[in-house]
Amino acid sequence: MRNPLAEKIVAIKPSGIRKFFDIAQEMKDAISLGVGEPDFDTPWHIRDEGIYSLEKGKTFYTSNAGLKELREEISRYTYRKQGILYEHPTREILVTVGGSEAIDIGFRAMVDPGDEVLIPQPSFVSYEPCAVMAGAKPVIINLKAENEFRLTAQELEEAITDRTKILVLPFPNNPTGAIMERKDLEAIAEVILKHDIYVMSDEIYSELSYKGKHVSIAELPGMQERTVLINGFSKAFAMTGWRLGYACGPENIIEQMTKIHQFAIMCAPTTSQYAAVEALKNGDEDVAEMRTAYNQRRRYLVHAFREMGLECFEPYGAFYIFPCIREFGMTSEEFAMRFLKEEKVAVVPGTAFGDCGEGYLRISYAASLENLQVAMDRLKGFVEKLREEKKEKA
């Protein structure tokens, strides 16, 4: 029988994030610090607006690009938060089914076969497979712990060829929690302008920055017209299940992204769009409250790792921390699996986010402080046991 499957799809590995979460789900008293999902409920006033839209019978398709009211509110939001003005929101903003859809159709709208997409890693699991599915060649830039996992201008310059089309800029970063400050972005922007390439800036964690205000590369001179800014409602507003994101960018790019979205999706969920308008209008206090809680947890974990002598740089964004476990002579996968089986705590191996994540773990602090404290007690005992085993072997 003829093979019904596409070889390039078969060759793509499934996400390494869900494996440990699924095992933990079957374990009694297991704690999962694997999936990057807020432990907060969607704020009530946002849920209420979604419910009200259903009660009013607002259950029909919106325009392909999304509710006009929502796109205008997104434009006001980007200007209020970052000073980025999209003067024509109905033509420069597209509402998508989560930020992940925006990544996918962004690549498909912008690359031709053989074009190169630069992907700094460790980073979110979708960039590389989405680039491959779009026909592009992913070029990996390995970020370094000594640079706090930031992308440097030199690393970017060294990776660019005459086939380079897009740089993915994944900050604040999943899985490392790294951020890029204005001075970092200014150096990057010089290289981008010099080589005339485009940027896909995934800023889904922009509201979760703990070291001053988040800076978008689209704020910098000459960069808005060559940046597709991706954001959404899952992380900042605790709306993961509502599946709503958006892309802002040059009109000619958004037009083609909308075309793909039109044929593949039709439009994002109507109920979610009405709820999102309320989130943007009146959700600042909710975001601030959640950010304060995440920051408390972040500081607790940094202190806990230092107390147990586990090497870890201090993350200033998202809700992840990325400790190094190389001292134990185990792969990230081996460490994570043994930790799960022996201590009933699920974390994600760093290799789920690229080969350069070997020797690290991603731990999500989108979990209650109480669960984090129990998990860290278990990790402390596990680390002490491993160190004793190492001494015995020496």
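User: How many residues does helix H9 have, and how far does it reach?
Analyst: Helix H9 runs over residues 182-195, so to speak of its size: 14 residues, reaching 20 Å from the first C-alpha to the last. That is close to the 20 Å expected at 1.5 Å a residue. Keep in mind that this is a predicted model.

User: Which residues of H9 are buried?
Analyst: Asp 184, Leu 185, Ile 188, Ala 189, Val 191 and Ile 192.

User: Why are they on the same side of H9?
Analyst: Because they cover an arc of only 165° around the axis.

User: And which residues are exposed on the other side?
Analyst: Lys 183, Glu 190 and Lys 194 are exposed there.

User: What do the buried residues of H9 pack against?
Analyst: Three elements: helix H8 (153-159), strand E5 (164-169) and strand E6 (198-202).

User: What comes just after H9?
Analyst: Asp 196, which takes a positive phi of about 55°.

User: Switching to the sheet. What is the strand order?
Analyst: The order is E2-E8-E7-E6-E5-E3-E4. It is an open sheet of seven strands, and the pairing is mixed.

User: Which are the edge strands?
Analyst: Strand E2 (93-96) and strand E4 (137-142). Each of them pairs on one side only.

User: What about the twist?
Analyst: It averages 20° from one strand to the next.

User: Which strands does helix H4 touch?
Analyst: H4 (residues 68-82) packs on the sheet and touches E2, strand E7 (227-232) and E8. Its direction makes about 110° with that of E2.

User: Where does helix H10 lie?
Analyst: H10 (residues 251-264) lies across E2, E6, E7 and E8. It runs at about 25° to E2.

User: Which residue in E4 is the bridge partner of Glu 116?
Analyst: Lys 137.

User: What kind of unit do E3, H7 and E4 make?
Analyst: A right-handed β-α-β unit. Helix H7 in that unit spans residues 127-133.

Terms used: Residues are numbered from 1 along each chain as its sequence is written. This is a predicted model: local features need pLDDT of at least 70, side-chain atom pairs count only at pLDDT 80 or more; totals for chains, interfaces and linings use all residues. Side-chain values use heavy atoms; hydrogens and water are left out. Helices (H or I, at least four residues) and strands (E, at least two) are DSSP runs, numbered from the N terminus. The expected span of a helix is 1.5 Å times one less than its number of residues. Buried means under 20% relative accessible area, exposed over 50%, partly exposed in between (1.4 Å probe, protein chains only). The arc is that of the directions from the helix axis to the C-beta atoms. Contact means heavy atoms within 4.5 Å. Two strands pair if DSSP finds at least two bridges between them. Axes are lines fitted to C-alpha atoms, for helices over the stretch in contact, and angles run from 0 to 180 degrees between N-to-C directions. A crossover is right-handed if, with the strands pointing away from the viewer, the path from the first strand over the helix to the second runs clockwise.
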